[in-house]
Amino acid sequence: MSRKTDSILIRCNTKDFLNEFRSSVFVGKELHLTSIIREIECKRGKIIEAHRIVLFDDDVKNILIAQEFDHHALQIDDDVNLDILKEFVFDINSSEKI
Amino acid sequence: MLNGMILPIPRRKLKFPLLSKKKPIVTTSTPKLIKIRPKQQRTTSPQCSRQMTTSKFVAGQRAKARDIVACLQEKNIQLIAIDFDKTLLEIHTRGRYQGKLDDLLDSFRSTFHYLIDEILQCPHFGQTLHLCIVSFSSQDVLIRQLLEIAFPHS
């Protein structure tokens with residue numbers, strides 16, 4: 001029986017993943033996101049544009065890199081709550097690229 | 001006063017009868033027992049009030065998470081990526097967690113638990129709305145198992 005959680009994609013620094021991107025320079029979470037986007041395109045037939053991605057990460061470097069790559073990103077700390085996420089999401093301008 | 005004459009003040013009819021001058025009767029019989037009504041019990045016990053407050057809180061959190069997911073779709077956000085250590089979890093596993101999964105579940109941030117639960121229930125999940133966990137950790141199996149026990153009803 002398939003679970004809905006099976007549809008959550010996971011990208012970690014496993015041996016296979018590191019071998020796939022052996023010659024690449026790791027830039028924040030961009031390689032992970034690129035791999036995810038490729039899988040969604042192949043298996044689900046959907047093309048995901050850069051500005052249609054939201055990243056939640058505690059590392060400010062990953063956040064800044066994500067924003068350079070046109071994603072929406074929010075730095076997470078221990079004060080995070082649903083009100084903060086709601087405000088962030090409501091402030092996303094869907095028509096404009098970052 | 002009328003025409004310089006002081007009129008007598010009419011006696012008002014007494015509303016209350018005069019107290020009788022009879023002496024009180026003292027009896028040796030046992031006095032009447034007066035039933036004291038017990039204080040009305042509360043309809044809700046303190047434990048019940050706490051449960052109602054907790055369930056109200058959970059309902060409020062779920063409503064907020066639902067609003068977030070609805071807004072993400074309105075804004076045409078197609079992929080939500082969540083980091084693992086210190087983001088999805090309150091702790092850092094250093095990529096080498098060896099403990100019990102149930103213990104790790106205690107560190108699952110409730111904020112993201114509510115959000116992911118709503119995303120999983122969204123009818124567009126897996127079609128126009130996708131969710132991923134991105135981590136520098138190498139423990140992808142651990143993350144998969146954690147998600148399975150965190151969302152057992154999905």
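Student: Which residues are linked with Arg11(A) in a network of salt bridges?

Tutor: Glu39(A) and Lys43(A) are the partners of Arg11(A) in that network. Keep in mind that this is a predicted model. Over all chains, the structure holds 11 salt bridges.

Student: What makes Lys29(A) and Asp57(A) a salt bridge?

Tutor: Their closest N and O atoms are 2.7 Å apart. The rule asks for a side-chain nitrogen of Lys or Arg within 4 Å of a carboxyl oxygen of Asp or Glu, so the pair qualifies. Lys29(A) sits in the loop between α1 (15-20) and α2 of chain A, and Asp57(A) in strand β2 of chain A, so the bridge ties together parts that are 28 residues apart in sequence. Both Lys29(A) and Asp57(A) are buried.

Student: And how do you know that Arg52(A) and Glu49(A) count as a salt bridge?

Tutor: Here the closest N and O atoms are 3.8 Å apart. The cut-off is 4 Å, so the pair is in.

Student: Are those two buried or exposed, or something in between?

Tutor: Arg52(A) is at 15% relative accessibility, and buried means under 20%, so Arg52(A) counts as buried. Glu49(A) is at 39%, which falls between 20% and 50%, so Glu49(A) is called partly exposed.

Student: What does the salt bridge of Arg66(B) and Glu118(B) tie together?

Tutor: The side chains of Arg66(B) and Glu118(B) meet at 3.7 Å, N to O. Arg66(B) belongs to helix α1 (residues 46-74) of chain B and Glu118(B) to helix α4 (residues 110-121) of chain B, so the pair links parts that are 52 residues apart in sequence. At 45% relative accessible area, Arg66(B) is partly exposed. Glu118(B), at 8%, is under the 20% limit and therefore buried.

Student: Let's turn to the interface. How many salt bridges does the rule find across chain A and chain B?

Tutor: Five. One of the salt bridges joins the side chains of Asp83(A) and Lys64(B), at 3.1 Å from N to O. Polar contacts between chain A and chain B come to 24 residue pairs, with both residues at pLDDT 80 or more.

Student: Which elements of chain A supply at least two residues of the side that touches chain B?

Tutor: β1 (9-11), α2 (30-44), β2 (53-57) and α4 each do. By type, the residues on that side of chain A divide into 21 nonpolar, 11 polar and 15 charged.

Student: How much area is buried between the two chains?

Tutor: About 4300 Å², with carbon and sulfur atoms giving 64% of that. The contact takes 47 residues from chain A and 48 residues from chain B.

Student: Back to α4 of chain A. Why are its buried residues said to be on the same side?

Tutor: In helix α4 (residues 82-90) of chain A, the buried residues are Leu82(A), Leu85(A), Phe88(A) and Val89(A). They cover an arc of only 125° around the axis, which puts them on the same side of α4(A). As background, an α-helix has 3.6 residues a turn, so residues three or four places apart point the same way.

Student: What happens at the start of that helix?

Tutor: A side-chain oxygen of Asn81(A) reaches to within 3.0 Å of the backbone nitrogen of Asp83(A).

Student: What is there to say about the phi of Lys86(B)?

Tutor: Phi of Lys86(B) is near 65°, a positive value in a residue other than glycine. Lys86(B) lies in helix α2 (residues 84-88) of chain B. At 27% relative accessibility, Lys86(B) counts as partly exposed.

Student: And why is Arg94(B) called exposed?

Tutor: Arg94(B) is at 55% relative accessibility, and exposed means over 50%, so the label applies. Arg94(B) also has a positive phi, about 60°, although it is not a glycine. Its place is in the loop between α2 and α3 (101-105) of chain B.

Student: Last one: in what order do the elements of chain B run?

Tutor: From the N terminus on, they go α-β-α-α-α-β-α, which is five helices and two strands. Of the 154 residues of chain B, 32% count as buried.

Conventions
Residues numbered from 1 in each chain as written. Chains lettered and ligands numbered in written order. Predicted model: local features only at pLDDT ≥ 70, side-chain atom pairs only at ≥ 80, totals over all residues. Heavy atoms only, no water. Buried < 20%, exposed > 50% of the residue type's maximum accessible area, 1.4 Å probe, protein only. Helix = DSSP H or I, 4+ residues; strand = E, 2+ residues; numbered from the N terminus. Arc of directions from axis to C-beta. Polar contact = N/O pair within 3.5 Å; in protein donor to acceptor, adjacent residues only side chain to side chain. Contact = heavy atoms within 4.5 Å. Buried area = accessible area lost by both parts, 1.4 Å probe. Nonpolar A, V, L, I, M, F, W, Y, C, P; charged D, E, K, R; others polar.
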